[in-house]
Amino acid sequence: MAPVAITPISPPSPTLDDTSKLTKAGTQTILSETVSNSSPAVADLDASKLIFTPNLNPKSVPAPNSPEVWSQNYTTDHMLTARWTEQSGWEAPEIRPYGPLSIMPTASVLHYATECFEGLKAYRGADGKARLFRPDRNARRFLQSATRISLPGFPPEEFLKLLKKFVGTEAPKWIPEPGQFIYIRPTMIATAPALGVQKPREALLYIMMVLFPPLDEPSPAAAVPKSLPAPSTQTPTQETKRPAAGMRLLASSHDMIRAWPGGFGNAKVGANYGPSLVAQGEARSRGYDQILWLFGDECFVTEAGGSNFFVLWKTPEGRLELVTAPLGDGVILEGVTRASVLDLVRRTRPDIDVVERKFTMQELLKAADEGRLLEAFGAGTAFFIAPCSDIHFRGVDLVLPLGKGVLADFAMGIKKTLKDIMYGNEQHEWGVVVEEEKL
Ligand SMILES: *Cc1c(COP(=O)(O)O)cnc(C)c1O
C-alpha cells in the first residue's frame, strides 16, 4: 500500500467530536475550564519535569507464550505516575519502580468509579524500531474520558510525550525481538479521601506495561481462554483450547444493555466494564468468546466485548457494503482500530461502500438467509482484527461463511495492512517511532 493521507474522504458523520468537545478548540475549552475552576497558579501536566527513579530489583523477562505471559499480570520494571491536586495542579511526573499504590479506603475511585483508562500496544518492528499506532488518538480519547467523569484535564501532547518516554525506557528490555509487542495501560483515578459525592480534588495518572499474549492468533503451544486471565499457576490445557476458526459471539439478552444514548458508553471508563462481566461470564461458560451487545427493542448491533464490530455483506441490490454502528448517539466507543479500518477501506476499496449506520440483528439474519452475509469481525487493540464464525441470537444460530470453512479474506487483508504499519514493514504516519534509551 502506498503511503496515504489520513484525511477522511467521505463527509464526516456526526462524531464524538461534535457532541463532547473533542475538537482541538474543544480540548482547549476543557482545559481552560479545568484551569479556571482552580486557582490561576495551578500547574499543567509537563513532560519536561519528568523524574526517573530506576528499579534496582529488575525482573526477568519470561519466555514468549509462557504462562506468565498468558496471565496478563506480568508488568515491566517501571510505571509512570503523575499526581494532581485541585490546589496545585499537576506535580512532576515520575518513572519509578512498578509497585502498589497507596490510597485511602475512602478514595473516590473505590466508591464512585471515578476511573478511566486507555489501551494501546508498542510493537518491535522488523527494522528494529519500536512503534506506537496512532497514539495521538489515545491521548485525545484519554482526555475525553477523564473529562466525562470530572477527572482533571491535561494537554494531550504532554501526555503523549510522557507515554513515549515511558515506552522508550521499557521497550529495549521488554520487546527486544522483531515481531514482539507489549500492552500499555494508561489509567487515571480520583484519589481524594472523602466520601462526599463531589468532583475529584485529587487524582493520579499512571501508566503501566503488561506482557500480553497474541489474543488474535490461536497459539499452537498454549491456546487458552481469550479474554479472562488464566490463573498464573495453571498451564493452559487441551480442554481450554479453541479451534482456530474464529470468534464466537453471544448476542446480549433483552434485559441487559451495555450503554445507552446520553450515557457514557463512548468514554473508556471502568464503569462500563464491571457491570458487563456477568454477561461476559455467561458467554464464556456457554462456549462463546464475547458478548455481542445489542441495543433497544429493534436489536441494534453495537459492539462485541471490548471491540467495535463490522459486517461485510452484499446489499439486496448487490453492492458490497462494509457496515458498522455509528458514533452519534454515544452508545459505542470510538475505537482507534475502528477509525483505521474505516479510513483504510474508504481509501483503498472503491468497490465497497463504507457505511456508519444503525443496523439490526434482523438485517443480519436476513442477509445470512439470502446468502448475502460475507464476513463479520471485531476490531480493537486487544483482539485486533478478529473474524467472527458464528453468532447466537436468542435461540437462533447464525453461522457466518467462516464458520462453514470459508476464509475471512477481507478481514485478514485489513489485518495484514494494519500489521505492516504497526511493525514498520510499511512506512506510514500511523506508525509512530519511539526513541529508546537503554538503561
Ligand atoms: C477500547 C474499546 C474498543 C476498541 O478501541 P481501540 O481504540 O480500537 O482499541 C472498543 N469498544 C470498547 C467498549 C472499548 O473499551
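Modeller: Axes here are lines fitted to C-alpha atoms, for helices over the stretch in contact, with angles from 0 to 180 degrees between N-to-C directions. The model is predicted: local features need pLDDT of at least 70, side-chain atom pairs 80 or more, while totals for chains, interfaces and linings use all residues. Numbering starts from 1 along each chain, and side-chain values use heavy atoms, without hydrogens or water.

Biologist: Why is helix 8 called roughly perpendicular to helix 10?

Modeller: The axes of helix 8 (residues 336–348) and helix 10 (residues 409–422) cross at roughly 105° and come within 11 Å. Roughly perpendicular covers 65 to 115 degrees, so helix 8 qualifies against helix 10.

Biologist: What makes the contact of helix 8 with helix 10?

Modeller: Contact means heavy atoms within 4.5 Å. Helix 8 brings Thr 337, Ser 340, Val 341, Leu 344 and Val 345; helix 10 brings Phe 410, Ile 414, Thr 417 and Leu 418. By class, that contact has 6 nonpolar, 3 polar and no charged residues. Nonpolar means Ala, Val, Leu, Ile, Met, Phe, Trp, Tyr, Cys and Pro; charged means Asp, Glu, Lys and Arg; the others, Gly among them, are polar.

Biologist: Which domains supply the lining of the largest pocket?

Modeller: Domain 1 (19–210) and domain 2 (247–422) each give at least three residues. Domain bounds come from an automatic or database domain assignment. By class, the lining has 17 nonpolar, 17 polar and 7 charged residues.

How values were computed. Helices (H or I, at least four residues) and strands (E, at least two) are DSSP runs, numbered from the N terminus. Angles under 35 degrees count as roughly parallel, over 145 as roughly antiparallel, 65 to 115 as roughly perpendicular and the rest as oblique.
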